[in-house]
Structure formats: structure tokens, C-alpha cells
Amino acid sequence: MKKPNLHAVTCKLAPVIAAALFACLLQTGCGKSGTGDTAGGGASKQVTIQNKGSDTMVNLAQAWAEEYKKVAPEADVEVSGGGSGVGIAALVKGTIDIANASRNMKPEEIQTAKKNTGKEPKEFIVGYDALAIYVHKDNPLTEITLDQIAQIYMEGGAITKWSDLGVKIPGTTSDEIVRVSRQSSSGTYEFLREHVLNKQDFKLGSRDMNGSKEVVELVASARTAIGYSGMGYATPGVKMLKVMKKAGDTAYEPSVANTLSKTYPIARSLLVYTLGEPQGAVKKYIDWMLSDAGQKTVEATGYIPLPTDARTKP
Amino acid sequence: MSVSLTPKPLEQSLAVRKAVRPVWAVLGERGLEVLIYLCGISAIVFVLGIFFFVAKEAFPILSNKNFRLSQFLFSDQWYPTSEVNKRYGVLAMIAGTFSVTALAMLIAVPFGLGAAIYISEFCGSKVKETLKIVIELLAAIPSVVWGFIGLTVMSRLIVKYTGTPVGVNILNGGIILALMSVPIIVSIGEDALKAVPDSFREAGLALGATRWQLVWRVLLPAAKTGLLAAVLLGVARAVGETMAVLMATGHAVHIPHGVLDSVRTLTANIAAELGEAPAGSPHYQVLFLTGVLLFAITFAVNLTADFIVRGIRRK
Amino acid sequence: MFSETPLVRRKQRQEALAKWLFCGMAASMIIPLILIIGYLVERAWPSLNLSFLIDVPVRGMKEGGVWPALVGTVYLVCLSLAVSAPIGVLAAVYLNEYARDNWFNRIINLAVINLAGVPSIVHALFGLGAFVYAARFGYSIISASLTLAIMTCPVIIASTREALASVPRSFREACWNVGATRWQTIRAVVLPNSISGILTGVILQVSRAAGETAPIMFTGAVFFKAVQKGDLFPYGLHEQCMTLSMHLYTLSTQVPDVKESIPFATAVVLLSSVLLVNATAIGLRVYLRSRKKW
């Protein structure tokens, strides 16, 4: 049987081409990989820094990675979200370099880190975030107390309708409060539970969104909704309520000034963790984050930068 | 391939001629056949591997003192990260999966079977080719794009036409899943209808039946096991779907009261929480246990469908 | 002489009604699809141009293009198909040519069908447990591609089996009659004659591998990675990558204030590349089917 020449030729060439492509790929693969520390300054060698963690901070981390590339092109920062829990878990296993967290590491997590890698995690405060309570922009409510927030969200809480707060929502007959929340192991969720709900559990039946932005988007599209998320995620479709500690206190809105002066009651630190003291490229990156340039990005993304005396000097 | 016959007079002409091939060709072929055999059993290896790895991560939770299997399966309280009272009940998620799948099948089965009947019995061959190609392209749309459509297009439509405050709910997820399962139901249903012997149709025509009467009284009863298999495979697809329901169903952990309620399915629960559960923690293990549950459900459904389909092919 | 009785007319009406009813059902699946795609394209229009494909995302991913995601998707698809296609084809060869009909091979059949039906999130859990942790590949392109390979393998096995089964038995018998061994038959006659079906099966899995998000979300895809514009080999095999599917997911759920047309444009890019690949496969199949001489 005489096969057409094309068939024979392709059969012979295909493995050669495939092998060549594969060799090419391996070459770039081996050439580019290398995590974390470099000895001294090796500016020509590409370094990959793996950064994982809080969904609240993921946009900030991405903005940092983008800006830092302009400053230090030899560093490749890989950013992923997933939540404070996953960042810390990966750090504790030793698989990433920097973990972002919007909550503190728990003592058990620190123990596991010491057991797995022998190093103790080091914490850096890189900024602050005010947890804003969002409602639809047409909602007549303007302020709320911590206790009212707790009663709305807590298991067994008493407030379920907008009329319980003395409010009627224009443009709809529905009175039920649509609660928007975060998924159960988000740092944001845990922060609200610890500081506002006093460790009580949330009421079931809230819409537990996956990302800080989804919370705000849902509130913006639903008139009877209330939600909580980072201050930096505000859009024109929602408004942030002023919060007071107890009924009768002054209500403060979430802003840079109120957070730094600690008058806004629900504010938290944004943290990054490394295993032990950071070295080499990771240290340079964290120093950059804490410097004026990095903090400018913090402010541009909608968070609260460190006061000037807490920053590193370039 | 060199087949050289060494013709030797008399002694060999009566005996069986041995074809002499070079040693490397024989060994090479044996080696290749071993490789083929290994690839052949790879499917078993993968399935067992999946079950093993997922069960291995899930296993420790069964001996945890906080965890009771009855609570896992029958309680709707899902508080895996509680500081005061950890509860691991996935009943609300099971209800979520069930309700979204049921609604999806309610929409997909009539339309899918109707389309299958149309393609197989009523339309001309050019239209048939086009329709089959369109259905194949429909099947190729990635699930994240479906989820995106549900999140943006469908939710706006639902809010506009039903006046509900939130557009991501069972209705949204059900419609999207229906559109995703229809191609499977159509293609396998069409196979089942094609498998009905032509003699049935000819007998019906000889008695003066119209095509509609043929379909309703002869073909559907004859193909009913195949159509059942098609529906079951559609169900398996809907139960296992992750991204589309993650984006389109609204993530509320409660047992739904109506079709406009938000729910969370088993698959979306794992996808949403796996990232944040610290590796090795009870929460992580419960999520893997949910994975085992999902694997078991789809295994059972696929097994049933396969028995039915092979029964038809044998005929 | 043969005029229609009322009974016959009624039956004809029923028939026409049924035909239009079923036609309507078929159309009602297709028309919403066309409308939805039209809406997507219309919303995406402001951002759809060549530079969208080549630019990198800038300004916090609120503007710019999808280049790193596009390249990442291509990497993952090529690597996963490079692993799953050979294994799938050889497995199908075993099942169709070598296996006898005993209980062991029935179990293999069962395993293939069940592997095809495993939910994508369970694949993700497996990839996490097996490749990221147990095999110590960590979060990387390798883990993600291997997970995708296991996901696409069963469908390649099924479609290759069909292609192999469509080669008439008489071809094989002719080869055996001239003394060829089983592998010689397969290599010289069966495979070349079924290559069209095999190719289309493999190409159709490209769309599956490109579109799945859950398996790669936990094994190798990231939110963001800074990459040079137009760089053809930006990722090493041990690094993570951005992909179109993950990018679409994060744009719609995580990034605030993004210009509305950008996620729509990402969806359109993903959808159109998937549909293009599938249409090529279908066209190839039709062309090769028409050239078959039996």
C-alpha cells in the first residue's frame, strides 16, 4: 500500500516538532523559576514572589504587584485570593512567601507554622481598613448602632424588617431586610463576628457572597438589602452608614481620618505575614509596601495608609 | 516491518512457517503493548485515585468527637467556623442542589425531548445537520461563561420581570442549568429514538398512523429506557456543575421556600469555602467529605444510566 | 374519489400542530442562546479590538487587555492535551482492540463512564490532594494541567473508541490474513483510517479544558501576575498563570469599579475562541467524513 507522501512526512516530522516545542518550554520553565531569596542583588535573575490570602486585600495586592513591577522588573509577584485562611494555611505549610490577612493569625496557626517549618511567622501592619455598612443609595437610613447591626445579623437577633428600624424603603412594598454577608471563613466575616456579634453565630439565610465586590454589587441592585464590606469597595449605587457605638453617641462615617483617630468603631488592620524575618527580594518588597510609594497605592485603592511615622524610609 | 520467509525445502514446507522478525521489533511491540495495557487501566487508576485522595482527606473527620454523621446529613445548621458551637449540617445545601436540579430538569426535559423528537422524526436532513451542529456548539460553552450570563443578564431580567429584590436565586440557576443540560438530553435522546427499529415505524405507517401518533403511541414507549438514561445523564451534569451555580444561585444557606429564594448547592459550597479552610482542619475535612458525597451521588446516577444505555445497545 | 374525511383532516391538523410544537421546542433552546450571545457582544463592543488581546491588564485590572490570561489558557490547554491525548488514545486502543469481554474490562468501561461524570469540583479536590500536596508540585501550571488532563481523558477515550469501532472489521481481518500482528494492524490500517474521529475528539476537548475554572482555581491559576505585553513565553512550568476563565470569574466577583465592557469582552473572547475551535473540529469531521470511501 502506497500511502500519500503527506501522511508519511507528517508522521515523521510530528514527533520531532513536538520534541522541539517541549524542549523550548522546559528551557523557559527552568530558566524562570526560583522563589523568594536571591543572594545579594542579582538584578538580572528573575525572582518569583508568591503572595496569597485575603480577598479583601487582593485588589490592593494586585495594585502593589503592578506598581512594584515598574520599580523592580526582576521581581515577578504572583497574586491570588481565596481568603485570609488560605493564605495563612499556605504560609504555614511553607508553600508561599507572603500571606495577606485581614485578621490576626490564631495561636494554633502559629504553632503549626513552628512545627512544620521551624520558623515563627512575622507580622507586618501594612494599612488599615474600615468595615463599612452598606445600604442602597435610596435607603433613607443614615446611621446605625453596633447593637442594631448585631440584632440584624446574629442568630436569634430581633431585627428582621426595615420597619423595626423605623424606616420605609421607597419604591418597593417589601419590608424584609435582605442580609448580605460573606462566606463563613472570610476574614471579614470573622472580624464582624468577633467585634460586633461578640462571637455569636450569624443567622442562617443571608446571602453569603464570595468577594467583597459582590456584596456591594448585590446591595446596589437590591433596594431592601444591607451588607458589610471593606471601605474601598464603595460604588455610586450604595451609601455607607455612619456607625455609633451606642444609641445617643456621635455617629462616625468610615473615613481615613476617623479610622486613624479610632473614632470609627469597626476598623481593622491589614496584615502581611512571612515565615521568620524576610530575606532578599521578599524583604525589599515588604519594605517597599511600607514606604511612601506603597502607601500611596494603599490610599489609591481605597484603604487607609499608615501614618507617616510608621512607614519605612526609602 | 520486515517479514522474511526463509524457504527451506521439504522440512519446513510441511511445518508451520515461522516469520522471522528482528528482535528489536518484537521487543518494541511487546513494550508498546504493555504501555497500551497500562493506559487502558488508567481509567480505573484515576477513578480509584480520585476516590482515594478525596476520602483520605475526609476520613479523619469521622473520628472527630464534634462530628456526627447524622448531623452532617440531616441538619441544616452550617456553622463550621463558629467559636461557640461548631455545627456541620449540609441539609440546606442538599436541598439547594436538589431544588436547582429539579427546576432545571423540569425545564430541560420537555424542551430537550421535544427537540430530540423534532430532530429525529420531523425535520429534513439539512435542518437536522444544522440543528445538531448548533446543539453541539451549545454544549461547548464554558460553565464560567454561563455563570457570567446568569450573574449579569439573567439576574437583571429576573429582577425586572418578577419584582424580587435579588436576581440570583433558584430560578436563575435553574434556567442556566437547563440550558447547559439540554444538549446532553437532546443528543442521547436522539440516539435512543434512532435505536428504535425501523420496523416499528413501518408497521405504524402501514396502519395509517400520522407521525405524531407514531411518536406518541409507538416511539416514546419503545424508547423510554433510553430517554430515561438521557434524563439521568442530564441530572448528573446538573448535580455536578460548579461554576455556573456558584455565580448564579445567590449563596444563602437555608432551605428554600420558593423558586425566587437564593440557595447554595453542595458544589458551590465546596468551591466557596475550600480556599479559606486551613488545610487539615475539621472544616477542610468536612468539605472533602462533601466531595465524597457528591462523588457517590454522581457515581450512582451514572451507573444507573450506563446500565440502561447498555441494555438498549444490546438489542 | 379519494376526498378527505373529517377524521383524516383532524389527524392532519394534529400532525401539523405536533410538528410546529416540537419545532418550537427546538427553537426555544436556540433563540435565547442567540439573543444572549448578541447581548454579550453588544455590551462588549467598546472594548473589543486587537489591542485588547495583546495588552496586559492595568490600573488594578480595571482597564487594559487580557494578554496574560490568553497565554495562560493556551499553555494549560496545550499541556493538558499533550498528556491526555496519548493516554486517552492508547486506552481506547486497548479497550477496542485488545480487551476481551470479561468482567475486568467491564469494570474498566464503568470506570471510564464514571470518570466522565465526576463533578469538576471533585477533580479540583483531587488535584489539590494529589498533585499540589502529595506529588509536591505545589501550586503550578503542572498541577493545573495534570488535573485538566484527568478531566478531559475519559471523553477522549469515548470518542476514540467510537472512531476505532467505525473502521470495518473486514479491514482488520484482511490484515490478519496476511500475517500482520495486532499492533501492526492497528498502526497501519486502523489508526490512519480513524484519525479523523480521533482528531475531532481531541479538538473538542480543547474547549472543555479552556473553559473549566474550578479545577484550576485551586491548583494553579492566580488572580494576577505581572507580564510583559506581547511576551510569548511569560510563564515557567513551576509558576502559576492567569487564565481567561479565572480572569472572567475574578473580574465579575472581585474587582470593583471595572468598566462594564471589560468582563463582557473577556467572556466574548473566551466564548468565541472556544466556538471557533469547536467549529473547526466539526468542519474537519464533516470534510473527512465526506472523503471516506466506505
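The following questions and answers look at two interfaces in this predicted model.

Me: How many residues does chain B bring to the contact with chain C?
Reply: In this predicted model, the area buried between chain C and chain B is about 7100 Å², with carbon and sulfur atoms giving 79% of that area. Chain C takes part in the contact with 78 residues, and the number from chain B is 77 residues.

Me: Which helix of chain C gives the most to the side that touches chain B?
Reply: Between chain C and chain B there are nine residue pairs in polar contact, both residues being at pLDDT 80 or more. The side of chain C that touches chain B is made up of 53 nonpolar, 15 polar and ten charged residues. With 17 residues on that side, the helix that gives the most is α1 (residues 6-44).

Me: Which residue of chain C forms a salt bridge with Arg211(B)?
Reply: Three salt bridges are counted between chain C and chain B. In the one formed by Arg211(B), the closest N and O atoms are 3.2 Å apart, and the partner is Glu15(C).

Me: How many salt bridges are there between domain 1 and domain 2 of chain B?
Reply: Chain B is divided into domain 1 (10-63) and domain 2 (91-314), and each domain brings nine residues to the contact between them. The side of domain 1 that touches domain 2 has eight nonpolar residues, no polar residues and one charged residue. Val54(B), Glu57(B) and Ile61(B) supply 54% of the area that domain 1 buries against domain 2. Between these two domains of chain B, the count of salt bridges is zero.

Notes
Residues are numbered from 1 along each chain as its sequence is written. Chains are lettered from A and ligands numbered from 1 in the order in which they are written. This is a predicted model: local features need pLDDT of at least 70, side-chain atom pairs count only at pLDDT 80 or more; totals for chains, interfaces and linings use all residues. Side-chain values use heavy atoms; hydrogens and water are left out. Contact means heavy atoms within 4.5 Å. Buried area is the accessible area (1.4 Å probe) that two parts lose on being put together, summed over both. A salt bridge is a side-chain nitrogen of Lys or Arg within 4 Å of a carboxyl oxygen of Asp or Glu. A polar contact is a pair of N or O atoms within 3.5 Å; within protein, one must be able to donate a hydrogen and the other to accept it, and residues adjacent in sequence count only if both atoms are side-chain atoms. Helices (H or I, at least four residues) and strands (E, at least two) are DSSP runs, numbered from the N terminus. Ala, Val, Leu, Ile, Met, Phe, Trp, Tyr, Cys and Pro count as nonpolar, Asp, Glu, Lys and Arg as charged, and the others, Gly among them, as polar. Domain bounds come from an automatic or database domain assignment.
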